[in-house]
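Dear colleague,

I am passing on the structure that you will find just below. Please look it over first, and then read my notes on what was found in it.

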Amino acid sequence: MLKGIKIRLYPNENQKDKLWQIFGNNRFVWNQMLGMAKQRYQNNPSSQFINGYQMDALLKRLKQEYPFLKDSDSSSLQIVNHNLDQAFKMLFKHRGGYPQFKSRRTAKQAYTGKSTISVVAKRYLKLPKLGVIKSSKTNQLTNCKIKRYTVSHDATGRYYLSLQLEAPKPLSLPKTGKKVGIDVGIADLAISSDGEKFGTFNAKWLERQALVWQSKYTKRKYLATIAQRQWNHNHKTVKEELDDYQNWQRARKQKARYQQRIANKRKDYLHKLTTNLVKKYDVIVIEDLKAKNLQKNHHLAKSIANASWYQFRAMLEYKCAWYGKKLVTVKPNLTTQTCHQCGFVMGKHGSSKIVLGEEEWTCPKCGIHHDRDINAAVNILNKGIDAIG
């Protein structure tokens, strides 16, 4: 079973220099290969596309011409070629845009490798080309095989190691014999057919701080841009770069840290909620919602993004697979408009449809009073039971 974990790295100054050299090498190989592909097409539009294996064959020549590429893990350079090859294949299938050149000014830098990583001691790992490096935790790396690793640097200035592990499948959770339908919403993230409601993630204070620092970042960068242009206009010999102005970069880091705290807290909340559901129920039925399409409604886009419906479903999927539970998806058609007691559909036979702000309604046929979301969750459960048979 494949499993992914992410741990923090604490490199020393020498290792930081090596990491930025490796980031630059991978970026250099990507740009060189992409530049050669573009030049080849310009010279001869009918020429055959160079695939990933042919790009790997060019690496030896590149290393001879640019010896600094030998400072990188060789497997990471091959993965760069593989990623570029995949990008072109997606382009030819009309499922992606033309690959872009990578810039050293991008806040997030990363490289991926397939070489061996070993645990030297508690909180210490040995990475290719970097040697022994301090990390946040190593207890999750026992009894597993590391398939691939990614070292990254984000906008907050921190370094992380993401690992794809081949780990033994965890023991199945005890069976409870319970089934549940889950309706997702905006005011409440999840509403169960049992009548239980789980609130949407809330981090208003952090969101306000992120907005404040976003405003400071924008203003400071604007002022730094003006100062840079004035300096370069008045000084012909000594030129300055925008990166030489530290005030706006401090605001960028502070903004990124608040945004990361929001993302971490949201992920923690979703982990706790989904784990609780998987432990409690054997069969979980949810709607097959297309969150990306729903976000096209600009009135609800921010609320839907904050609710993280896609991430909620993704966590349920892999946790059910891990622990021997079953996840069933059903079409969301008429789950809100249908009375689960008698099957009457609102909007038919002269009745009016239930609008978005209407939380409760009464069935005109059988007279039962419904909570809009709980009724939808019960309909979702019934659909799932019918699908299972």
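Two strands are taken to pair if DSSP finds at least two bridges between them, and the strands (E, at least two residues) and helices (H or I, at least four residues) are DSSP runs numbered from the N terminus. Please keep in mind that this is a predicted model, in which local features need pLDDT of at least 70 and side-chain atom pairs count only at pLDDT 80 or more, while totals for chains, interfaces and linings use all residues. Residues are numbered from 1 along each chain as its sequence is written, and side-chain values use heavy atoms, with hydrogens and water left out.

With that in mind, there is an open sheet of 5 strands with mixed pairing, in the order β10-β9-β8-β11-β12, whose edge strands, β10 (197-199) and β12 (326-330), each pair on one side only. Strand β9 (residues 188-192) is joined to β10 by 3 bridges in the antiparallel sense, and within this pairing aspartate 188 stands opposite glycine 199. Helix α5 (residues 246-280) packs on the sheet and touches β8 (179-184), β9, β10 and β11 (283-287), where contact means heavy atoms within 4.5 Å.

An open sheet of 7 strands is also found, with antiparallel pairing and the order β2-β6-β7-β1-β5-β4-β3; its edge strands are β2 (109-113) and β3 (118-121), each of which pairs on one side only. Here β2 runs antiparallel to β6 (residues 145-153) and is joined to that strand by 5 bridges, with alanine 110 having serine 152 as its bridge partner.

As for charged side chains, the count comes to 11 salt bridges, a salt bridge being a side-chain nitrogen of Lys or Arg within 4 Å of a carboxyl oxygen of Asp or Glu. In one of them, glutamate 166 pairs with lysine 147, with the closest N and O atoms 3.7 Å apart; glutamate 166 lies in strand β7 (residues 159-166) and lysine 147 in strand β6, so the pair ties together parts that are 19 residues apart in sequence. Another joins lysine 272 to aspartate 268 at 3.2 Å between the closest N and O atoms, and these two residues, 4 apart in helix α5, are separated by about one helical turn. Finally, Arg105, Glu241 and Asp243 are linked in a network of salt bridges.

Terms used. Axes are lines fitted to C-alpha atoms, for helices over the stretch in contact, and angles run from 0 to 180 degrees between N-to-C directions.
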